[in-house]
Amino acid sequence: MAASSRAQVLDLYRAMLRESKHFSAYNYRTYAIRRIRDAFRENKNVKDPVEIQTLVNKAKRDLGMIRRQVHIGQMYATDKLIIESQEKPKT
Amino acid sequence: MLLRTAWRRVAAAVPPVPGPGPEAPTRGLRLRVLDHAPQSAVPSDTASAPEVESVLRPLYMDVQATTPLDPRVLDAMLPYLVNYYGNPHSRTHAYGWESEAAMERARQQVASLIGADPREIIFTSGATESNNIAIKGVARFYRSRKKHLITTQTEHKCVLDSCRSLEAEGFQVTYLPVKKSGIIDLKDLEAAIQPDTSLVSVMAVNNEIGVKQPIVEIGRICSSRKVYFHTDAAQAVGKIPLDVNDMKIDLMSISGHKIYGPKGVGAIYIRRRPRVRVEALQSGGGQERGMRSGTVPTPLVVGLGAACEVAQQEMEYDHKRISKLAERLTQKIMKSLPDVVMNGDPEHHYPGCINLSFAYVEGESLLMALKDVALSSGSACTSASLEPSYVLRAIGTDEDLAHSSIRFGIGRFTTEEEVDYTAEKCIHHVKRLREMSPLWEMVQDGIDLKSIKWTQH
């Protein structure tokens, strides 16, 4: 596989955020979105291609995990939290 | 009714799932938000706009009682609940081998979090079992020469109860008092150690008030006096850095469901160099080095291992975030309300456990008023009784303040919105309850409550 380009990393970032928005549980949803943003931001200045590839591989695995867990969460979804009815659900 | 249909539509808008049926199973406890006049014993919240009747769950702010499973942990566990269901002690086929490999991998993950060797980790059913093994096991093994144990007054019930049962067997136990800050006095510990002391047990982070005991100093003292040091680290593992060699810890109890892992699993760390001998409590086929017989529950220990690995990666990020949120919560509450006391040392304190006492307000009524937030006053294992917490009594809190204490727990998944909501509701209800309180009225008039002579009619 060719070294990950900026475009690929951004695609991965967008895919992860998009998928995380579908978490049925408020706490998981907000955590996933926040953590993904912070993790990509924290690593944005990494230059070493080997390290970048390691991080990208980990992110791909995490994307798979998010997809599975979103699915499971939806299958066993329950009522919303009291706080979700009061705010505009933007996350 | 309309809102319900709206919620269903929202739920259906997410990608259709080939699951058991389109109905969202609502098995959980429901919280009805009423829009008409209050009819329950607890006056309803007038601050919220009259909403259409809906069923909403409370916010979870009780992470010291238990924590939600991290999705990464569930993801690691599921294969072992679905397909890889072998017994890890079956030595003759692939099902057993793959299960054993997973168990050993989990052991390595747990060991790596606390700086131990995997051979020093024994899987148990939880921190309570680990505490029992540590205290009873060590005491009984050395019973011929050593008959004395030392612990503190603020330990978890399982530690205190184990010590009590050992007293019935003829051991002597010293229960060290704690200072007002909740921390033990190291001089008391040094004075209490006798030539026939076998074990000192002090918890790392208290589950009710969040104080951090001086583990490094205690380890140094115990090692110099050749006494084994056990710490119940159920609330500390994965949240603050722990190293069994730096801190000279000989035994450590770990709980799965306090670190975003599954319930029903835990581990005990038992030092091998120098070897700590422990008499096994559970007899059987000799699994777990003979220390804890019984089939090791592979899915659960895989979950524990995954939780430990995630905790190791996320410790710094979580700690920073939780500290910020804790600061936000306490500042909000203490700025808006007078006569609020934070229990426990403010400096040697784990930020995610905040125990506040609201003077002139009854704790149970505040908890019931805060029905939208899942909170606790005192630990879950003692919440059935009406007595105020023994931990608060040990730190010298007045009876009335002890009855008015609430424990706020902030964890990995707590959001800023939840903290703000909790703070606002808390402030609102404390003010409301104080308005109704005759004691508060008297305090406002300048009367010193301690000087009142309460008479009977």
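Reader: Hi! In what order do the seven strands of the open sheet in chain B run?
Author: The order is 4-10-9-8-7-5-6, with mixed pairing. Strands here are DSSP runs of E with at least two residues, and helices are runs of H or I with at least four, numbered from the N terminus; two strands pair if DSSP finds at least two bridges between them. This is a predicted model, so local features need pLDDT of at least 70 and side-chain atom pairs pLDDT 80 or more, while totals for chains, interfaces and linings use all residues. Residues count from 1 along each chain as its sequence is written, chains are lettered from A and ligands numbered from 1 in the order written, and side-chain values use heavy atoms, without hydrogens and water.

Reader: Thanks! Which strands stand at the edges?
Author: Strand 4 (121-124) and strand 6 (172-176) of chain B do; each has a single partner strand, so one side of each has no neighbour in the sheet. From one strand to the next, the twist averages 20° (axes are lines fitted to C-alpha atoms, for helices over the stretch in contact, and angles run from 0 to 180 degrees between N-to-C directions).

Reader: How many bridges join strand 4 of chain B to strand 10?
Author: Four, and strand 4 runs antiparallel to strand 10 (residues 266-270) of chain B. In this pair, B:Ile121 sits opposite B:Tyr269.

Reader: New topic: what domains does the assignment give for chain B?
Author: Domain 1 covers 71-310 and domain 2 covers 314-443, with bounds from an automatic or database assignment. Their centres, taken over C-alpha atoms, are 29 Å apart. The contact (heavy atoms within 4.5 Å) takes 29 residues from domain 1 and 26 residues from domain 2 of chain B.

Reader: And what is the strand order in the open sheet of three strands?
Author: That sheet of chain B goes 11-12-14, with antiparallel pairing. Strand 11 (340-342) and strand 14 (405-409) of chain B are at the edges with a single partner strand each, so each has one side without a neighbour in the sheet. Its twist averages 30° from one strand to the next.

Reader: Which helix packs on that sheet?
Author: Helix 8 (residues 298-336) of chain B, which touches strand 11, strand 12 and strand 14 and makes about 10° with the direction of strand 12.
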